[in-house]
Amino acid sequence: MAEQAAVVENLEGDAIQVNLPGQLTIAGSSSLHEELARIVESTDVVTLNASHVEKVDTAGIQLIAAFAHERSDQSLITELRHRPDRLTEALAMLGLTAVFS
């Protein structure tokens, strides 16, 4: 199965939204990692739109959590919006809910 790429959108002002791929898994982690690394310091607020996420695994969750943590260390905000239940449950199971509160 081919990797699905995240789609990065520039919104009003300097806001950025990342539309996460449907498969937030290790299979798509390299392209997602590249996109997130490119924008990690690009703006004060980045919104991760999870509305298309259908499948998650630990690697995918760790990737977005590490991105949010790195930005938080620099006093930058990362929002996770439109989470499907499976993503919310996985974050809770891994003890990472507070990363996106």
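A residue is called buried when its relative accessible area is under 20%, exposed when it is over 50% and partly exposed in between (1.4 Å probe, protein chains only). By that criterion both faces of β2 are covered, since I16 and V18 on one side and Q17 and N19 on the other are all buried; helices (H or I, at least four residues) and strands (E, at least two) are DSSP runs numbered from the N terminus.

The model is predicted, so local features need pLDDT of at least 70 and side-chain atom pairs count only at pLDDT 80 or more, while totals for chains, interfaces and linings use all residues. Residues are numbered from 1 along each chain as its sequence is written, and side-chain values use heavy atoms, with hydrogens and water left out.

Strand β2 runs parallel to β4, to which four bridges join it (strands pair if DSSP finds at least two bridges between them), and the bridge partner of I16 in β4 is V46.

Leaving aside neighbours within four places in sequence, L36 is in contact (heavy atoms within 4.5 Å) with V18, L48, L63, I64 and F67.

T47, in strand β4, is buried because its relative accessible area is 9%, and its side chain makes a polar contact with the side chain of E79 (3.1 Å); such a contact is a pair of N or O atoms within 3.5 Å, where within protein one must be able to donate a hydrogen and the other to accept it, and residues adjacent in sequence count only if both atoms are side-chain atoms.
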